[in-house]
Amino acid sequence: MSEKPKLAMYWAASCGGCEISVLNIGDKILIVDEVFDLAFFPCIADFKHHDVEGYEDGYIDVCLFNGAIRTSDNEEMAKLLRKKSKVLVAYGSCAYEGCIPALSNLTTKDETFNTVYYENQTIDNPNRVVPQVETQVPEGTLTLPSFYNTVKSLDQVVDVDYYLPGCPPEPEQIWAVLEIVVNALLNDGPLPPAGSIVGAGNVAVCEECPLDKNVKTITQFYRPYEIQPEPGLCLLEQGLICVGPATRSGCGALCPQVGMGCRGCYGPLEGVDDQGAKMLSAIASVVGVGDSTDDEFELEEMIDNVMDSLADPSGTFYRFSMAHSLLERVKANGNGTNGGEVK
Amino acid sequence: MSEKVGVYVCHCGTNIAGVVDVEEVSNWAGEQPNVVCSRDYKFMCSSLGQELIEEDIKEHGLTRIVVAACSPHMHEKTFRGATERGGLNPYLFEMANIREHNSWATTDKAAATHKAKALVNGAVERVVHHQPLEPIPVEINPATLVVGGGIAGISAALELADAGNHVYLVEREPSIGGHMAQLDKTFPTLDCSACILTPKMVDVEQHPNITLYSWSEVENISGYIGNFNVTVRKKARYVIEELCTGCGICEEKCPRKVVDEVFEAGLAQRKAIYTPFPQAVPKYPVLDPPNCTYFERGKCKACQILCPTGAIDFEQEDELLEFPVGNVILATGYDLFDSNRIPQYGYGHLANVFTSLEFERMVNASGPTDGKIVLRDGESVPQSVAIVHCVGSRDNNYHEYCSKVCCMYSLKFAHLVHERIPEAEVYNFYIDIRTPGKGYEEFYNRLLEEGTHFIRGRVADVTDAARLPGEEGKLIVQAEDTLIGKQRRIPVDMVILSAGMEARHDSQDVSLMFGMGCDFDGFFTERHPKLDPVATMTEGIFIAGACQGPKDIPDSVAQGAAAAARVAGLVNQETVMMEPVRASINKETCSGCRLCNDLCPYNAIVFHEDQKLSEVITALCQGCGTCVAACPSSAINGAHFTNEQVFSEIEGILWDVMEHQAVPA
Ligand SMILES: Cc1cc2nc3c(=O)[nH]c(=O)nc-3n(C[C@H](O)[C@H](O)[C@H](O)COP(=O)(O)OP(=O)(O)OC[C@H]3O[C@@H](n4cnc5c(N)ncnc54)[C@H](O)[C@@H]3O)c2cc1C
Ligand code: SF4
Ligand code: SF4
């Protein structure tokens, strides 16, 4: 029996949902098992760091890397797996574009630690203990990975072959991609050009969304719990933020169909450098109050009032793409730190 | 991508070279990636400068051109032409503005030179991403819409019609003529206004190439240069034009009188069915339902019963007429400043304070007093008259601008008072006398000899509260005489307020309907204040006369003719080439979300329900980019303003601070 191709899956700064999504492909997982040997998959099998270190370069055929780069350990693993893998896939939104972890690029490491270790309501930390990179104990020095100020996407630390978007990716899409890979490995089938986004469409989510779409003018924004959306009608028109028009299709528009605006997890479309800015610009364009005969200052106020009803714009529009956006992160000035840019 | 870019840095004499080290900029540019040839030259716009570009394209095989010079408004066309003559697509050219944006904005040579480099670098980085574009040919419908039948609109219509082009002239009032029809004599020559105007009005009426819609307004306009579609509301006159002979019996017999606020400026009455003045064009009367006894109480019908041709039709309704035109000339004129806004001048509560237009009607031989100058009682002849200049003009509380015609017509009024009441004293209160124009200063000198008293000072108020002997029963005009530095109180019988010209009350609505701009004062904005005074920023829409700013009759006529010449030029060409800098929607990536559907200020975006796709109608698009910015899927592309082009320009400009920043750890 010839050697089976090797599969790896690793989690960096992630929630674990991506591994579950792989297991969620149903009985197709048996085919995966049949086709591949697992080389590394800490979530489901016991492998150690030194196992991977021991592999020859390029030993792993496909590595599904999920999670963002939050710590020095994440970065080290990314570099190691890059070296050991023929094909490295940024799997899921965190690896692709930073996702929820990268929202902490709106603040700093110190602020994050403050919240997590001191100020959180459920924290009781009278000795103000926080993680240290090095700690001296009688037995010697203990080390922990260092926690970065800025969360990065996988491709900001290593070269990436493919991107598989989604938070997490949808089962059919995962299987479709695995099929291409399997076919390439077993039958010399064609692979998409390096750098491609795989397992997603090229048109916006609206294309897949069955809700009725009309000309849009928004006079007030609502959060999902505030109103009961009228069924069958585009949510955005009803003032419920839906990032569908700024997001790649591929998910089947699952969220809008159950009354929850698209959050944007499949990332921006081809040609968009900044999904958040794009959506904000779109939304701002359809705020429909007053007209050009109104007094300029009153008009401005009317528009401001509408925009004020939009909660947490940066968290809403950059929910998944902060690390990869043109913004990347906020400057630390005025952010509770000593000023100057975060290094 | 490897392009061969040629960079040309213009000295513009000393305009640029006096502040920017052009040689240094050109040398530096020559070292930048993709740049294969870089020069500085005294005047790039000269034919020698343009030839440089043409020759270099041939000799060095240049594929992209950058000229760093003045504003693209000035010379983009020039250099696109040179690029094209050199054998390249004209859009493979980019201009960096190092004059208006740089050398004219600072005297700091080092900073200006640094900025010039940044601007040049931005242009170089951008131009390599340029794509060849082809202009879009559009056929021009030879018919023209002229809106407003004052002297400006009449002049434009006649010029075009005489040249063999069809004109639709739409006038809101029952008759054409505008303000000029209300005037008596016109400065500085004092020829009778009606005598020179009415022949032109008759020409309009009889011209085979002019379709006149009076008592009508434009209700809607859509389309673009060469292909506008106009909807005109022809308001019901309640008179069947085909039957009416203009005999005037209806007007004579109508029992109902109302104050004529429009033509007679409130100084006289008219009937409920009326023609505003005897020489009105067209001659058909208009019935005014709110003031008509029949409409009010269901009986009367005097006009209908007595009309010899049965031309009165109480059932008549507004008609909507639709027709295509290729170009539009707006000549909607001005409103007179409302003197009620300055209560201290007494208009409205002091009977013998008159507005200038009231006075024009009064001195008019065919006006309500047959040309006699009398007080409000209709009989007493004033023995002293004060004429107050600059009412509502040159006053920060009202209009900052000078209305341009008031000094001259105030002098005209002084002359007419001397002429009709030789014994009367006339006082002109002025801030400055402004008489630029052919024969105008001479007219002023003539008045100085006629014995007018000129008092230099802004009038503080007009009152009937007598304080000193000789003031009882008079109007007292108070002003500081700035030449002698004294407060003066002049008792007079009559005061005339020389109210200024202001934009039509509805000028903003009109500018919105026609998709062009107006300034803060409401006057329509010309494309260029000096070099393109009758065109607007919207292609195919022209302006003429006082709707563009205060002006007198000769200037209004000149603008009318100029606008007509511009239109005739376009009509002659039959097709025009439109800029290809427009938006387009990629069918493959449009998801039909409809976010863009209501955004286009030119209504260029349509939604195809069957395909669930939006589309930009190319000819309607003006390339403003609104939809491009709004499309969250990047399915809309703005030609010549692609993301790549804009971002590389920004990065190029920021060359010294860019150094692509790695994400901080
Ligand atoms: C008291 C006074 C005295 C003057 N005396 C002189 C003088 O002696 N010599 C001189 O050279 N100048 C004089 N002027 C200036 C002169 O009146 C103007 O220069 C001239 O009338 C401007 O012509 P116009 O066609 O631009 O505007 P207007 O005369 O205002 O004509 C505009 C026309 O457009 C019509 N219109 C407006 N809006 C619309 C619409 N939306 N749709 C359809 N139709 C519309 C109006 O009904 C009007 O008929 C005087 C001005 C004043 C106030
Ligand atoms: S019907 Fe009206 S318009 Fe005719 S005569 Fe009577 S009041 Fe005048
Ligand atoms: S760019 Fe878009 S919004 Fe602007 S004119 Fe063209 S179609 Fe209309």
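Modeller: Welcome! One definition to start: a residue counts as near a molecule if one of its heavy atoms lies within 4 Å of that molecule. Everything we discuss comes from a predicted model.

Biologist: Thanks! What makes a residue part of the surroundings of ligand 2, and which residues are they?

Modeller: The test is a heavy atom within 4 Å of the ligand. B:Cys254, B:Pro255, B:Ile273, B:Leu287, B:Cys292, B:Thr293, B:Tyr294, B:Cys300, B:Lys301, B:Ala302, B:Cys303 and B:Phe314 pass, so they form the shell around ligand 2. Helices α9 (293-297) and α10 (302-306) of chain B each give two or more residues to this shell.

Biologist: How do the residues of that shell divide by class?

Modeller: Ten are nonpolar, one is polar and one is charged. Lys counts as charged, so B:Lys301 is the charged one.

Biologist: And which residues come nearest to ligand 3?

Modeller: Of the 14 residues around ligand 3, the nearest are B:Cys600, B:Cys621, B:Cys624, B:Gly625 and B:Cys627. By class, the shell around ligand 3 has ten nonpolar, four polar and no charged residues.

Biologist: Why is the pair B:Glu217 and B:Arg172 called a salt bridge?

Modeller: The closest N and O atoms of B:Glu217 and B:Arg172 are 3.5 Å apart. The cut-off is 4 Å, so the pair qualifies. B:Glu217 sits in strand β11 (residues 216-224) of chain B, while B:Arg172 lies in the loop between β7 (167-170) and β8 (185-186), 45 residues apart. Over all chains, the search finds 46 salt bridges.

Biologist: How many salt bridges cross the interface of chain A and chain B?

Modeller: Zero, by that rule. Eight residue pairs across the interface are in polar contact, though.

Biologist: What makes residues of chain A and chain B count as in contact, and how many are there?

Modeller: Contact needs heavy atoms within 4.5 Å. By that test, 37 residues of chain A are in contact with 27 residues of chain B.

Biologist: How do you know how much area the two chains bury?

Modeller: The value is the accessible area lost when the two parts are put together, summed over both. For chain A and chain B, about 2,500 Å² is buried, 58% of it on carbon and sulfur atoms. A:Val215, A:Lys278 and A:Glu328 supply 18% of the area that chain A buries against chain B, more than any other three residues.

Conventions: Residues numbered from 1 in each chain as written. Chains lettered and ligands numbered in written order. Predicted model: local features only at pLDDT ≥ 70, side-chain atom pairs only at ≥ 80, totals over all residues. Heavy atoms only, no water. Buried area = accessible area lost by both parts, 1.4 Å probe. Salt bridge = Lys/Arg side-chain N within 4 Å of Asp/Glu carboxyl O. Polar contact = N/O pair within 3.5 Å; in protein donor to acceptor, adjacent residues only side chain to side chain. Helix = DSSP H or I, 4+ residues; strand = E, 2+ residues; numbered from the N terminus.
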